[in-house]
Amino acid sequence: MKIGAFTLLFGEKPIAETLDYLCSLGVAAVEFGTGAYVRAATFPVEELLSSDAKVRWLKDAIATRNLEISALSCHGNPLHPNQRIAKSHHADFVNTCKLARRLGVKQVNTLSGCPGSDPGAELPSWIVSSLFPEDFSKAWEWQWKEWVIPYWREAAQIANDNGVRVGIEMAPNCVVFNVSTLLRLRRAVGENIGANLDPSHLFWQGMDIGAVIRALGDAIFHFHAKDSAVNPYVAAVDGVLDPKPLTDEFNRSWIFRTVGYGHDELAWNNIISALRTVGYDSVLSIEHEDSLMEGDEGLRKAISFLQRSLIQAPPGRAYWAEESRRNLAEE
């Protein structure tokens, strides 16, 4: 596995300066934000789509530093009931798939999105309970039948036409937020839809990441190295569903953390081992959203932590399979 970084944390710094800095830290891969909620100000999507010279420049900038692009990401809500937002985020997704093809990148990451509860809705409606089924269960099935599956069938075909696969990040306020909803979407629209697995959204929901990895298997396309921590004093009285601002750390039931600050080294060693056992041998892309640390501090700590975990985590299925073949041959 390789350590990568999602470059959004560098804000408006020039691309070349960002790449040089990441190389100095030992990072081997980069993930660029290309649209919707994660458009990087300095990443020239339009120029790259229209200029062969600009594409050559970026490819050279990556290759001469011995880096790779792990993914292009355009996290948005193409299912938004506000059609202006939905069309804008869909256009970003289409352009990201086209750009991935031009750059030779095989991975696009995004969110599933979330529609409204009915045809007249103006805002998204995230439904997570079957209480009062005439209202909420009915609306949930309507969302999937009328919006989620039709849209993602079209989106999966767009991705396929551009030779890319799509990693959906399971996240709150989206229709795909856990293993069951991801696999439901994958069964409905095809196997070029999989997971951009970000444990931070799953930890606070009470999921066991090792069990998640085993359930998803080869549907894991990409991995975000990000942690989260539950505040036991708040969760004990309010639970973990919490709409308070992410910057209200003292009063929230959970917050995003740099890897190792929500769960310890053993937990992350086990996550990396579990990834290896299902055959994932790609990039651990660090995404910094820890509101208690500056970006550079969080990045450096995450890199150091993951370097130790990659050394200490035992090898996975591919290693054991090779060892078994070698032992049989020797016998």
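Between which strand and which helix is the loop that holds Ala-36? I located Ala-36 in the loop between strand 2 (29–33) and helix 2 (45–50). Helices (H or I, at least four residues) and strands (E, at least two) are DSSP runs, numbered from the N terminus.

I note that this is a predicted model, in which local features need pLDDT of at least 70 and side-chain atom pairs count only at pLDDT 80 or more, while totals for chains, interfaces and linings use all residues. Residues are numbered from 1 along each chain as its sequence is written, and side-chain values use heavy atoms, with hydrogens and water left out.

**Entry 1: positive phi**

I looked up the phi of Ala-36 and found a positive value near 55°, in a residue other than glycine. Most residues other than glycine have a negative phi. Ala-36 counts as partly exposed because its relative accessibility is 21%; buried means under 20% relative accessible area, exposed over 50%, and partly exposed in between (1.4 Å probe, protein chains only).

I then turned to Asn-173, which lies in the loop between strand 5 (165–168) and helix 6. Its phi is also positive, near 70°, and with 53% relative accessibility Asn-173 counts as exposed.

In helix 1 (residues 15–24), I recorded Ile-15, Thr-18, Leu-19 and Leu-22 as buried. Seen down the axis, they fall within an arc of 95°, so they line one face of helix 1. The arc is that of the directions from the helix axis to the C-beta atoms.

In helix 8 (residues 209–216), I recorded Ile-209, Val-212, Ile-213 and Leu-216 as buried. Their arc around the axis is only 100°, which puts them on the same side of helix 8. The cover over these buried residues includes helix 6, strand 6 (193–197), helix 7 (199–203), strand 7 (220–225) and helix 10 (265–277); contact means heavy atoms within 4.5 Å.

**Entry 2: helix 5 and its partners**

I examined helix 5 (residues 136–161) against helix 6 (residues 179–189): their axes come within 9 Å and cross at roughly 55°. Axes are lines fitted to C-alpha atoms, for helices over the stretch in contact, and angles run from 0 to 180 degrees between N-to-C directions. Helix 5 and helix 6 are therefore oblique to each other. Angles under 35 degrees count as roughly parallel, over 145 as roughly antiparallel, 65 to 115 as roughly perpendicular and the rest as oblique. Among the residues that meet are Trp-140, Trp-144 and Arg-153 in helix 5 and Arg-184 and Leu-185 in helix 6.

Helix 4 (residues 83–103) packs with helix 5 at an angle of about 25°, the axes being 9 Å apart. Helix 4 and helix 5 are therefore roughly parallel to each other. The residues making this contact include His-90, Phe-93 and Cys-97 of helix 4 and Trp-147, Tyr-151 and Ile-158 of helix 5.

**Entry 3: Arg-252**

Is Arg-252 buried or exposed? I found Arg-252 buried, with a relative accessible area of 2%. It is in the loop between helix 9 (232–238) and strand 9 (254–257). Leaving aside neighbours within four places in sequence, I listed the contacts of Arg-252 as Asn-231, Val-234, Asp-242, Pro-243, Lys-244, Pro-245 and Leu-246. The C-alpha atoms of Arg-252 and Val-230 are separated by 8.5 Å, although the two residues are 22 residues apart along the chain.
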